[in-house]
Amino acid sequence: MATGVVANSLAGARAAFEDRGYTAHTPSLRYHDLPPHQGAMKIASLSLRDYTEDLVAFVNSLDSPPLLVGHSMGGLLAQLVAARTRHAGLVAACPAPASGITGSSTPANRQMSRPYFLRLRPWAKPVRPPTFEQFRHWVANSQNEGTAREIYEDLVCESGRAQCEMLLAMLKLSKATVVDAAAVKTPVLVIGGEYDRIVPPEVVRQTAAQYQHADIVQMPRSDHMVFSGASLPLTMSHIDDWLFRNQLRSTGPN
């Protein structure tokens with residue numbers, strides 16, 4: 001289960017890439033930059049296809065093929081975009097499962113999802129963020145209190161339709177989650193967190209197994225939020241090594 005975030009929530013990762021000489025783009029998903037009371041119902045029935053179309057258009061507008069980086073639901077979206085665009089490489093961190101990937105159900109996922117999917121027509125309603133206590137326990141479980149609160153303050157509603165599409169991915173019942181992995185010829189890095197209660201190691205392994213040239217990094221002592229807090233420098237160091245090994249970029253922090 002994913003919770004909506006805006007571009008500001010990736011400020012740390014963006015700064016880290018910019019320190020390495022990148023021009024970093026962190027586009028918000030459609031309507032995610034609106035205040036929650038304005039954006040909730042606009043977001044509610046959006047499909048992963050809508051997000052993908054927007055991101056494909058954005059990537060195609062750039063002057064050169066980018067390195068695609070996505071986290072959580074964004075990790076799935078980055079894969080969907082990679083299959084349809086020219087890009088230099090792909091990093092999928094703690095990715096939501098694509099169609100056919102099994103083993104994604106965890107106690108945290110089930111507890112987070114149950115209240116939303118037991119509603120009437122859940123695909124037409126927004127998925128609101130969990131309480132801070134739930135977020136702290138299920139998602140930011142190895143972050144310190146201050147970092148967890150900073151992340152939580154950027155959460156917005158997510159689409160009920162997109163959530164349903166991801167829920168059905170494991171059963172191959174969601175065409176919106178079908179990734180054409182064979183179309184991705186570039187190097188791929190899939191990142192997981194040792195203490196991630198949302199995306200288990202099996203999903204990380206199966207995600208990487210779809211691609212011709214894929215590496216896996218399992219972040220020690222990290223929860224789902226591998227681009228936040230104390231996890232960020234280590235995550236970036238692994239990305240630096242992967243970029244160097246694949247001759248995509250040889251620079252680390254300046």
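With a relative accessibility of 37%, E18 counts as partly exposed in this predicted model,. Its salt-bridge partner is R14, and the closest N and O atoms of the two are 3.1 Å apart. R14 is likewise partly exposed, at 32% relative accessibility. Both E18 and R14 belong to helix 1 (residues 11–19), where four residues, about one turn of the helix, lie between their positions in the count.

A second pairing joins D240 to R20, with 2.8 Å between the closest N and O atoms. Because D240 sits in helix 10 (residues 231–245) and R20 in the loop between helix 1 and helix 2 (36–44), this pair ties together parts that are 220 residues apart in sequence. D240 and R20 are both buried.

Turning to R136, this residue forms a salt bridge with E145, the closest N and O atoms being 3.0 Å apart. E145 has a relative accessible area of 39% and is therefore partly exposed. R136 and E145 are linked with R149 in a network of salt bridges. In total, the structure holds nine salt bridges.

Away from the charged pairs, L167, L168, M170, L171 and L173 make a nonpolar surface patch of about 460 Å². One of these residues, L168, is located in the loop between helix 8 (160–167) and strand 7 (188–193), and its relative accessibility of 33% makes it partly exposed.

Finally, Q206 is part of helix 9 (residues 201–209). Its relative accessibility is 14%, so Q206 counts as buried, the cut-off being under 20%. Beyond its neighbours within four places in sequence, Q206 is in contact with G100, I101 and T102.

Note on methods:
Residues numbered from 1 in each chain as written. Predicted model: local features only at pLDDT ≥ 70, side-chain atom pairs only at ≥ 80, totals over all residues. Heavy atoms only, no water. Helix = DSSP H or I, 4+ residues; strand = E, 2+ residues; numbered from the N terminus. Buried < 20%, exposed > 50% of the residue type's maximum accessible area, 1.4 Å probe, protein only. Contact = heavy atoms within 4.5 Å. Patch = residues over 30% accessible without salt bridge, like charges linked within 9 Å, V, L, I, M, F, W, Y side chains within 5 Å. Areas by Shrake-Rupley, 256 points an atom, 1.4 Å probe, with all protein chains shown as cover. Salt bridge = Lys/Arg side-chain N within 4 Å of Asp/Glu carboxyl O.
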